[in-house]
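Please find below some comments on the model under review. They are set out as numbered points, to be read alongside the sequence and the coordinates.

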Amino acid sequence: MSASSSRAPAALRDGDLVAALDLGSNSFHIVVAQRVLGQLRVVDRLRETVRMAEGLNALGGLSPEVRERALACLSRFGQRIAHIPRRQVRAVATNTVRQLRSPEAFLAPAEAALGHAIDVISGREEARLVYLGVAHEQPPQDGQQRLVIDIGGGSTECIIGRGFTPLERESLQVGCVASTRRFFEGGKLTRKRWNAASTEVALQFQQFAAPFRSLGWDEAIGTSGTHKAIGNICASMKLTKGAITREALAVVRDRILQAGRIDAIDLPGLSDDRRPVIAGGVLVLEAAFDVLDLSRLQVSKAALREGVLYDLLGRGGAHDPRDVSVSALMQRYGVDAAQAARVEATALALFDQVAAAWSLGADDRAMLSRAARLHEIGLAIAHSGYHTHGAYVLQHSDIAGFSQQGQRFLAALVRVHRRSVPKSAFEMIPDRLLANARHVAALLRLAVLLHRARVDEAPPGLHLQADGEKLALRMDKRWLQSRPLLRADLEGEPEDMLGLGLNLKLALD
């Protein structure tokens, strides 16, 4: 890999294929699209019912049966996209993987089966992507505000947005699979159980109902398989023409309760595949109607996977949502932009010198750039241990555009940019990213150290060479001798670099 190839991914050209995968708690989806005249044209869709949420136990473990079902599906999906370049594919995992006690135990074989990395996204990031998919597939009118509800297998996302921008995002731990399992144990359906479950689910929606109603919306839209299934039932029963209304939903609910058991539910337009989880889906949607005072909901064909697809187009380019988030964080926490720019420029200059030797790519360069801009974010909390404060903020915040692995990568870089390197610093980083994380962290450490004086002065004659786990830093001797504090810092740095598994040597010309 050349240094130039590590700078930024090439722009998509007409004819290029892109693929988005949604590893949901009920179904796995893949959509493949082709770029045609600057637009995306869907050329293939695949869906398999995996029901990951069925295999999740109270301790965060996944049953062997469901695990194998998921891996087999990913292997088939991997065959479909084997010819598409990695940078043009993005796979995201949602609620069930978020709930696993040890996500890596599943993700490592899952990524091997698929042949691509899998990003675990937070509930609010899932909400952002759902809204993005709906907004692109059904462009809103100017000034129009929308409420979008996505009922998945393990969670439900609610978003209010205007145009292509989400204004409020919430994620609830209720979904069609999880709610069916929890509230209708043994498959038994009674009105008493339903009413008790409805009260509990409604409390989840109450948490954000007031601010949502205060913002208001002109149109309500439902996405995902649950809404499509209920819309089909309403149309088949001649209750509506495909939309979902309060009155129609009450009729569907009563028909479900009349069945007495999950396996006895018989509704026009309901597929055998959806029957085992429809009760939980209707339960959640009815609670949303009641708490948010909805009367009608349109059903959208778009969902998370379409949002991932459109988001993929912006990643690495001028409209990367991660860079927008970084800028917002800098502003919110009062980061010294001038110092961040100094550190960033030097860090990237060092990166370009060693990228080929360390096989670092465009994603690594981008993460180094973001870490440089955010390395002092913790100063807003306290100077003492600010690197630790900053890492905590970055790991535990909802940051638009970032996967959970991405936030942990960024947090690890900020955590180790100064002082000693704790053994636990990289324990949350996937094995496939570990070597690059350590290497990029070393570059950030050097850049921060070289700009400790906080003045607009780039070190002259700076040259960094990498050979395996060995680093050789060459500098101008006379320049460094006139800065005894910096020289002392540099002479002590090799000992700290050992914490990253690197052997640093300083040479003066």
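1. Residues are numbered from 1 along each chain as its sequence is written, and side-chain values use heavy atoms, with hydrogens and water left out.

2. The chain averages a pLDDT (the predictor's confidence in each residue, from 0 to 100) of 95, and 98% of the residues score at least 70. Over residues 1-5, however, pLDDT stays under 50, and there the model has 7 contacts (heavy atoms within 4.5 Å) beyond four places in sequence. Where pLDDT is low, the predicted coordinates should not be read in detail.

3. The second largest pocket has a volume of about 690 Å³. A pocket here is an open set of points on a 1 Å grid over the protein atoms alone, where a 1.4 Å probe fits and protein lies on both sides within 12 Å along at least five of seven lines; lining residues have an atom within 4 Å of a point. The volume is the space filled by probe spheres set on the points, which are joined across faces, edges and corners.

4. Of the 27 residues lining this second largest pocket, Arg128, Asp311, His319, Pro321 and Val324 are the closest to its centre. By class, the lining has 14 nonpolar (Ala, Val, Leu, Ile, Met, Phe, Trp, Tyr, Cys and Pro), 7 polar and 6 charged (Asp, Glu, Lys and Arg, with the others, Gly among them, as polar) residues. At least two lining residues come from each of α4 (123-137), β8 (165-172), α10 (304-314) and α11 (321-332), and α11 gives the largest share, 6 residues. Helices (H or I, at least four residues) and strands (E, at least two) are DSSP runs, numbered from the N terminus.

5. The 12 residues of α11 reach 16 Å from first C-alpha to last, close to the 16 Å expected at 1.5 Å a residue, where the expected span is 1.5 Å times one less than the number of residues. Pro321, Arg322, Ser325, Val326, Leu329 and Met330 are buried in α11, and what covers the buried residues includes α12 (337-358) and α13 (362-374).

6. Phi is positive, near 90°, at Ser224, which lies in α7 (residues 224-236) and is buried (under 20% relative accessible area with a 1.4 Å probe, protein chains only) at 8%. Lys238, also not a glycine, has a positive phi of about 60° and is exposed (over 50%) at 73%.

Technical notes
This is a predicted model: local features need pLDDT of at least 70, side-chain atom pairs count only at pLDDT 80 or more; totals for chains, interfaces and linings use all residues.
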